[in-house]
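Hi everyone, thanks for coming. Have a look at the structure on the screen, and I'll walk you through a few of its parts.

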Amino acid sequence: MLDKVQATSTESPTIQPTATPDRDWWRGAVIYQVYPRSFQDSNGDGVGDLPGITQRLPHIAKLGADALWISPFFTSPMDDFGYDVSDYRGVDPIFGTLQDFDMLVAEAHRLGLKVMIDLVLSHSSDRHPWFVESRKDRTNPRADWYVWAEPKDDGSPPNNWMSNFGGSSWEWDAGRQQYYLHNFLISQPDLNFHNPAVQDAMLDVVRFWLDRGVDGFRLDTVNFYFHDAELRDNPPLHPDDWNERTAPRDRPYNRQDHLYDKNRPENLGFLKRFRALLDEYPAATAVGEVGELIRGVELMREYTEGGDRLHMSYAFDFLNTELPAIDDIRPVIERFLDGGTDAWACWAFSNHDVTRHATRWADGQDDRDAVLKLAAALLLSLRGSVCLYQGEELGLSEAEIPFEDIVDPWGKRFWPTIKGRDGCRTPMVWTAGAAHGGFTTAALPWLPVPPEHLPLAVDAQEGVAGSLMETYRNFLAFRRRHPALVKGDIAFHDLGSDCLAFTRRQGSDALLCVFNLSHREAEIDVGRDFPGARLLSEAGAFGARFETGRLALARHGAAFLQLD
């Protein structure tokens with residue numbers, strides 16, 4: 001157990017700049033996402049915390065990541081487990097103190113890791129002092145810091161906008177005799193970014209954490225900052241625009257074309273202000289989460305092109321899919337690159353909001369291990385930066401959580417059709433033979449540790465040749481040795497109906513990457529189009545053979561070939 005350091009000061013420490021910082025470190029970086037409640041509990045209360053993260057930083061460094069992204073640890077009522085912030089400058093006591101955070105940053109930097117934190121700027125908790133003041137009356141200094149609107153003549157909400165968590169996104173406040181907007185929980189009122197004072201306040205928060213030593217930010221729901229000032233109704237989504245894989249019809253929210261409650265053009269102006277602030281610091285960066293299931297890729301490009309907006313962003317095109325085919329991957333990448341802009345993506349297959357891809361991709365597959373190695377190789381070969389979600393490197397599956405143990409408000413609301421996000425948020429397993437996988441000494445953790453996760457614990461895979469964790473480590477080291485895989489260009493090639501193939505090129509480094517996405521073996525004549533290619537065995541064992549120009553791939557196999 002780690003000792004807690006008690007402190008109440010909110011003053012930022014003086015940060016000494018490092019020598020010649022690399023402003024471009026984020027381009028092609030591998031970012032390891034830590035969900036703090038479930039990473040490591042250091043004080044035996046069943047909930048992960050900041051000292052626990054510090055304790056486990058060597059695992060992230062040894063894996064080969066460049067940075068870690070920490071999901072929210074700010075002061076919060078925890079209605080949405082930290083994504084409802086009541087103090088943007090405070091650490092919630094369940095996670096520790098500001099001094100604990102400073103120690104985490106110092107240790108991460110000592111290990112060569114950058115630290116990115118999750119900022120939820122679109123909405124706050126209804127217990128944030130700003131909202132408490134705003135709802136008092138219509139004349140107080142923060143009266144228009146949130147989105148307030150008059151009812152229709154019949155008393156109904158101002159328009160047809162819907163909440164991500166079900167029902168109308170408008171909630172009646174008896175005190176002000178108005179509705180307020182909440183795109184998520186009722187207890188998460190949306191801030192009014194049309195008010196310059198709100199933008200200034202949020203930029204002050206950004207500066208506070210930059211001065212404290214963070215290297216960047218993950219911006220939650222970055223496309224939700226602005227709403228349509230005229231409060232126009234969203235039109236229904238045209239049937240031709242349905243994407244059943246990413247936006248299924250079982251949620252009424254997905255039946256609207258969200259032209260007016262999010263994705264507004266005014267957002268670009270704030271992103272430019274945000275970027276200008278980041279540029280004052282030696283190597284600060286930001287990745288934005290684009291919460292849009294239909295036009296996410298286009299918004300990713302718009303939000304990151306031009307060098308004066310976000311550095312990188314991601315959407316959900318690879319986060320909701322089953323085992324993909326070529327037509328699920330290549331068009332997404334090519335759409336993002338359309339027009340040859342300087343936009344930059346950050347790709348992920350799993351995170352804290354979606355079913356783990358070990359279940360989506362490999363559940364029921366008799367070659368589960370090969371599928372997960374294929375997923376790792378593919379994700380880490382795409383052009384862009386990468387987010388790895390804690391436990392992804394272990395092959396953790398989505399946990400089945402009984403209804404009585406569900407804590408996610410989304411799961412409680414839509415059970416059993418939608419079981420919520422608890423299944424991907426269960427604790428990390430560090431020690432196969434320890435209670436709760438070594439996550440906590442408490443009798444019960446905040447979410448149960450599935451028994452099937454224990455054999456996949458870090459210590460069970462450590463040093464085991466061919467284990468999934470060692471495959472990640474080996475491939476990340478391979479990736480570092482090849483600039484083409486980090487920052488290189490990408491071009492797709494037609495080498496077979498079942499094989500996704502592309503080249504990555506950076507300077508004199510050129511690689512051909514081939515992935516067999518089918519359930520059967522594949523053989524390709526590579527020598528015809530790429531004479532002189534040679535198989536790079538140091539990439540790892542992915543079920544590939546290469547003789548006299550012909551490449552044979554096992555089902556769900558992959559190969560990496562050096563080109564002249």
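Let me start with a definition: two strands pair if DSSP finds at least two bridges between them. Helices (H or I, at least four residues) and strands (E, at least two) are DSSP runs, numbered from the N terminus. Please keep in mind that this is a predicted model, where local features need pLDDT of at least 70, side-chain atom pairs count only at pLDDT 80 or more, and totals for chains, interfaces and linings use all residues. Residues are numbered from 1 along each chain as its sequence is written, and side-chain values use heavy atoms, leaving out hydrogens and water.

Which residue in β20 is the bridge partner of Glu523? That is Ala552.

Another open sheet has five strands, ordered β14-β15-β16-β21-β18, again with antiparallel pairing. Here the edges are β14 (489–494) and β18 (534–535). Further in, β16 (residues 509–516) runs antiparallel to β21 (residues 558–562), and five bridges join them. Val514 stands opposite Ala559 in β21.

A helix goes with this sheet: α9 (residues 368–379) lies across β15 (499–506), β16 and β21, at about 145 degrees to β16. Such angles run from 0 to 180 degrees between N-to-C directions, and axes are lines fitted to C-alpha atoms, for helices over the stretch in contact. Contact means heavy atoms within 4.5 Å.

Next, a helix pair. α6 (residues 296–304) and α7 (residues 326–337) pack at about 35 degrees, their axes 8 Å apart. From α6, Val297, Glu298, Met300, Arg301 and Thr304 meet Val332, Arg335 and Phe336 of α7.

Finally, how many cavities of 30 Å³ or more does the structure hold? There are four. A cavity is a set of points on a 1 Å grid over the protein atoms alone where a 1.4 Å probe fits but cannot get out, and lining residues have an atom within 4 Å of a point. Grid points are joined across faces, edges and corners, and a volume is the space filled by probe spheres set on the points. The largest cavity holds about 60 Å³ of space. Its lining includes Ser350, Arg356, His357, Leu372 and Tyr472.

How values were computed: 1 Å grid on protein atoms, 1.4 Å probe; cavity = no way out; pocket = protein on both sides within 12 Å on 5 of 7 lines; lining within 4 Å.
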